[in-house]
Amino acid sequence: MAFDGCEKIWMNGRLVDFKNATIHVLSHVIHYGSGVFEGLRAYENEKLGPVVFRLDDHVTRLFQSAKVLRMEIKYGQKEVREAVLDTLRANDLKSAYIRPLVYRGMGSLGVDPTSCPVEVMIAAWNWGAYLGKEALMSGVDVRVSSWTRMAPNTFPAMVKSTANYLNSQLIRMEANMDGYTEGIGLDTNGYVCEGSGENVFLVYDGKLLTPPLGNSVLKGITRDCIMTLAGEMGMEILERHVPREMLYQAEEVFFTGSAAEVTPIRSIDRIPIGTGSAGPIAKELQRRFFAIVSGEEEDRFGWLTPVNQ
């Protein structure tokens, strides 16, 4: 099964069997993309057992996204937080990818969704490295997409909305069909924005650069972690506009995200980045990240929530 380990799914307050986790074909979300979601991971920690990475931050962002789209969730943040843990326990998952989704169900099919009920779903399953097992070690080949990321005041980039990801799908499909692992989208002014589902970082003149939120990027939670870890390493961190050509000139470029974790980029548009392999800064940030989630190093930032408290 593609969703390995996903036997039970939490839907509107109760756990149901995988085969029974269904919605009606006239649900508003299917026709208009009226939903918000999160993607987060649980890791097997040698000291704490299964842990969820930055659970409270993901739940908070889910509610913030719903607020912008005027979706009133009928459960509190504490209830959704516990539902994530209950879902992991019900499936006996030691490590997992977790997908909470808040969506408009069946009510009407007018563009105005406010008569449609707001539903909540949480699923979890075994999912390895998002961009491939070798990607974390060796890096990936990417291209700059012909598809531009959304302009400000069109779609809300700081909202993790299902509708926003049509743009992501176009970026990813184009890249894959052209023989690349992933694509990087530019913003409407031609500055570097993000990947189809990842934030982008550059090591440039020894500094760590990443596009600012004003460039229509998602306020990534793993992005925040990497900035914290880089600061701990003594690196200068700059949120600034990144012209496209800086991608090719950088010493290193890498992706971050809950699914992608910390994935080095070895080439962009067939131009090798640095030495054409995973760079030392990306590898050290990756090491520190995995050391914390695995329990090899102390959770000094309070990022981990044990599943079995």
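The model is a predicted one, in which local features need pLDDT of at least 70 and side-chain atom pairs count only at pLDDT 80 or more, whereas totals for chains, interfaces and linings use all residues. Residues are numbered from 1 along each chain as its sequence is written, and side-chain values use heavy atoms, with hydrogens and water left out.

Ser216 belongs to the loop between β12 (207–210) and α6 (221–232); helices (H or I, at least four residues) and strands (E, at least two) are DSSP runs, numbered from the N terminus. A polar atom of the Ser216 side chain lies 3.0 Å from the backbone oxygen of Met150. When neighbours within four places in sequence are left aside, Ser216 is in contact (heavy atoms within 4.5 Å) with Met150, Ala151, Pro152, Ala157, Cys193 and Glu194.

Lys74, by contrast, is exposed, with a relative accessible area of 51%, and is placed in the loop between α2 (55–68) and α3 (77–90). Not counting residues up to four places away in sequence, Lys74 touches Asn12, Val118 and Glu119. Lys74 and Asn199 are separated by 125 residues in sequence and by 31 Å in space, C-alpha to C-alpha.

Strand β4 (residues 40–45) is largely enclosed by the rest of the structure, because five of its six residues are buried. Strands are taken to pair if DSSP finds at least two bridges between them. β4 runs antiparallel to strand β6 (residues 96–104), to which three bridges join it, and Leu40 has Ile98 of β6 as its bridge partner. Four bridges link β4 in the antiparallel sense with strand β5 (residues 49–53), where Gly49 is the partner of Asn45, and the two strands β4 and β5 form a hairpin with three residues between them.

Rolling a probe the size of a water molecule over the atoms shows where empty space is left. The structure holds one cavity of 30 Å³ or more, and the largest cavity contains about 40 Å³ of space. Its lining includes Glu251, Val253, Ile265 and Ser277, and the elements that give two or more residues to this lining are β14 (252–257) and β15 (261–268).

Terms used. Polar contact = N/O pair within 3.5 Å; in protein donor to acceptor, adjacent residues only side chain to side chain. Buried < 20%, exposed > 50% of the residue type's maximum accessible area, 1.4 Å probe, protein only. 1 Å grid on protein atoms, 1.4 Å probe; cavity = no way out; pocket = protein on both sides within 12 Å on 5 of 7 lines; lining within 4 Å. Points joined across faces, edges and corners; volume = space filled by probe spheres on them.
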